[in-house]
Amino acid sequence: PMVHAIVLLCGVNDVLDPRSTTTTLHNDVHSLIRSIRTHSALECTPLIVLGLPDFAKLPFLPFWPLGWALGWRGRRMQCELERAIAEVQLKEKQESSKVKTTMVRIPEVTEVLDCIGYCRHDSSMENVYSGGNDNAQSTSLQMRLVHPLLKHLGHNIDQDTLASLEMDDFLSDDGFHPGRYGTVYIGSLVT
């Protein structure tokens, strides 16, 4: 079967493993891409590398100290990942290669929900986004329904479901990996 694109998410375990370093991540990324490119069926397949999430923003980690420490470590690993991919892209350009490696940043789930009024939907937040007026609920609901990133969830989702989305709706049961709408969202963004 023909492979139309390869999507890589690498580095998450490097952030979590204290034995991993930015150097090991850099070397592993180059090794992985080399192994993909040496496979005859994949040598010209577009390669999409996803950036790392900001661990400081993950909803299940307490910000201090774990979220802060993993956030700091994750940002260092992200910089190294970007550097490794830039080197791969430069090599592709210098060799006038037909292959293309692209790095993309997928917005954090919190960005999707927090932007223009997306947050946990409760009565205490209604007044924050509406200025406390009488149409607080309708204002918040309108803001929740028009967010441009929600188009990536597909057209089969009704307005009530969109209006009630929360962080848990984007994560699997472990609270870490994408699940439910999170997988739909990532798949749609990548394609």
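**View 1. Thr-45 sits in the loop between H2 and E2.** This is a predicted model, and we start with a single residue in it.

**View 2. Three strands make an open sheet.** Reading across, the order is E1-E2-E3, and the pairing is parallel. At the edges you'll find strand E1 (6-9) and strand E3 (101-104), each of which pairs on one side only. From one strand to the next, the twist averages 25°.

**View 3. Strand E2 meets E3.** Now zoom in on one pairing. How many bridges join strand E2 (residues 47-50) to E3? There are four, and the two strands run parallel. Pick out Ile-48 and look for its bridge partner in E3: that's Thr-102.

**View 4. Helix H2 lies across the strands.** Helix H2 covers residues 22-37 and lies across E1, E2 and E3. Compared with E1, helix H2 runs at about 165°.

**View 5. Tyr-181 belongs to helix H8.** That helix takes in residues 181-190. Tyr-181 has a relative accessible area of 23%, so it counts as partly exposed: the range for that label lies between the buried limit of 20% and the exposed limit of 50%. Look for Asp-168 too: it is 13 residues from Tyr-181 along the chain, and their C-alpha atoms are separated by 9.3 Å.

Notes: Residues are numbered from 1 along each chain as its sequence is written. This is a predicted model: local features need pLDDT of at least 70, side-chain atom pairs count only at pLDDT 80 or more; totals for chains, interfaces and linings use all residues. Side-chain values use heavy atoms; hydrogens and water are left out. Buried means under 20% relative accessible area, exposed over 50%, partly exposed in between (1.4 Å probe, protein chains only). Two strands pair if DSSP finds at least two bridges between them. Axes are lines fitted to C-alpha atoms, for helices over the stretch in contact, and angles run from 0 to 180 degrees between N-to-C directions. Contact means heavy atoms within 4.5 Å.
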